[in-house]
Amino acid sequence: MTTVPRILITGAAARVGRATALALAERGLDLILTYRSSKKACLETADLCRAAAPREVDVQVLELQLESERSVLEACEAISAIGVDGVVHNASEYHTTPLENLDFPILDRLLRVNSIAPLMMSAKLAPSLRNSLLPGGGSIVFLGDIHAMGSPRRGYAGYLASKGAVERIVESLALELGPEIRVNGVAPGVVAFADGEMTSEEEAAYVSRIPLGRSGTLDEAGHAITWLLLDATYVSGDIIRLCGGRSLT
């Protein structure tokens with residue numbers, strides 16, 4: 001029987017997912033990394049984690065289609081069989097949702113990927129998390145978005161609706177899964193601008209509204225998630241705004 005905690009990170013192929021995986025590997029934890037379509041990149045993340053770890057770590061890679069009920073349930077069954085001590089719900093569907101282009105399939109997919117599937121996975125994995133080896137017990141961290149917490153951006157109504165549900169899910173699960181399992185969230189502003197999302201002028205305008213005067217970094221996101229997951233043993237039901245104060249402006 002393993003005596004090393006194992007953490008599940010969804011969407012671990014790149015960006016925040018990869019940074020979180022590396023931060024956890026540096027702590028010597030075993031990992032399960034999921035991907036939707038970027039298998040090669042996720043395997044690269046796994047190799048980077050093995051190289052970064054202070055000991056030999058077990059890093060497994062698993063395909064997960066969050067929009068698919070079958071894929072979610074099969075993944076939960078496989079993960080439960082292995083055992084898991086903490087979960088980072090990082091994977092998400094992110095794009096503009098202009099009102100004139102909205103339809104039910106778009107909204108259904110956004111809700112499934114960003115809120116329904118993570119909620120279902122948390123419920124299915126709870127029995128395993130209750131036996132967590134982590135010092136503070138089982139731990140779940142959701143990725144939110146500051147713009148779904150009172151600072152909406154134009155053109156993202158569908159996306160923000162799906163991410164807005166995360167705040168209520170965190171609170172509900174913290175209430176229902178305690179005391180054995182803590183549930184929290186991290187809501188980034190910009191920790192890395194998406195390629196092609198904004199012009200350089202738009203990026204500069206966004207940064208000009210951040211009190212700390214800069215965008216965040218992927219490493220800062222990864223370490224914030226790691227702190228909540230492993231070290232914040234008396235924190236549950238909270239969402240940290242990782243935005244340099246942007247939510248205040």
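A residue counts as buried under 20% relative accessible area, as exposed over 50%, and as partly exposed in between. Keep that definition at hand for the exercises below, which explore a predicted model.

**Exercise 1. Decide whether Tyr-94 and Tyr-159 are buried, partly exposed or exposed.**

Step 1. Start with Tyr-94, whose relative accessible area is 34%.

Step 2. Turn to Tyr-159, which has a relative accessible area of 4%. That is under 20%, so Tyr-159 is buried.

**Exercise 2. Find out how the rings of Tyr-94, Tyr-156 and Tyr-159 are linked.**

Step 1. Begin with the total: the structure holds four aromatic pairs.

Step 2. One of them joins Tyr-94 to Tyr-159, with 4.9 Å from centre to centre and 80° between the planes. Planes over 60 degrees apart count as edge-to-face, and this pair is edge-to-face.

Step 3. Now place the two partners along the chain. Tyr-94 sits in the loop between strand S4 (86–89) and helix H4 (104–129), while Tyr-159 belongs to helix H5 (residues 157–177). They are 65 residues apart, and the pair links distant parts of the chain.

Step 4. Tyr-159 also pairs with Tyr-156, again edge-to-face, at 6.3 Å between centres and 70° between planes. Both Tyr-156 and Tyr-159 are buried.

**Exercise 3. Describe how helix H1 packs against helix H2.**

Step 1. Look at the axes of H1 and H2 (residues 39–52): they come within 8 Å and cross at roughly 25°.

Step 2. Angles under 35 degrees count as roughly parallel, so H1 and H2 are roughly parallel to each other. The crossing of H1 past H2 is right-handed.

Step 3. List who takes part. H1 contributes Arg-18, Ala-21, Leu-22, Ala-25 and Glu-26, and H2 brings Ala-41, Glu-44, Thr-45, Leu-48, Cys-49 and Ala-52. Sorted by class, the contact has seven nonpolar residues, one polar and three charged.

**Exercise 4. Work out how H1 is oriented relative to helix H7.**

Step 1. H1 (residues 15–26) and H7 (residues 218–231) pack at an angle of about 55°, and their axes are 8 Å apart.

Step 2. That angle makes H1 oblique to H7. Here too, H1 passes H7 in a right-handed crossing.

Step 3. Check the contact by class: nine residues are nonpolar, four polar and three charged. Among them are Ala-19 and Ala-23 in H1, and Ile-225 and Leu-229 in H7.

Conventions
Residues numbered from 1 in each chain as written. Predicted model: local features only at pLDDT ≥ 70, side-chain atom pairs only at ≥ 80, totals over all residues. Heavy atoms only, no water. Axes fitted to C-alpha atoms, helices over the stretch in contact; angles between N-to-C directions. Helix = DSSP H or I, 4+ residues; strand = E, 2+ residues; numbered from the N terminus. Parallel < 35°, antiparallel > 145°, perpendicular 65-115°, else oblique. Left-handed = near helix turned anticlockwise from the far one by under 90°. Contact = heavy atoms within 4.5 Å. Nonpolar A, V, L, I, M, F, W, Y, C, P; charged D, E, K, R; others polar. Phe/Tyr/Trp six-rings, centres within 6.5 Å; stacked < 30°, edge-to-face > 60°. Buried < 20%, exposed > 50% of the residue type's maximum accessible area, 1.4 Å probe, protein only.
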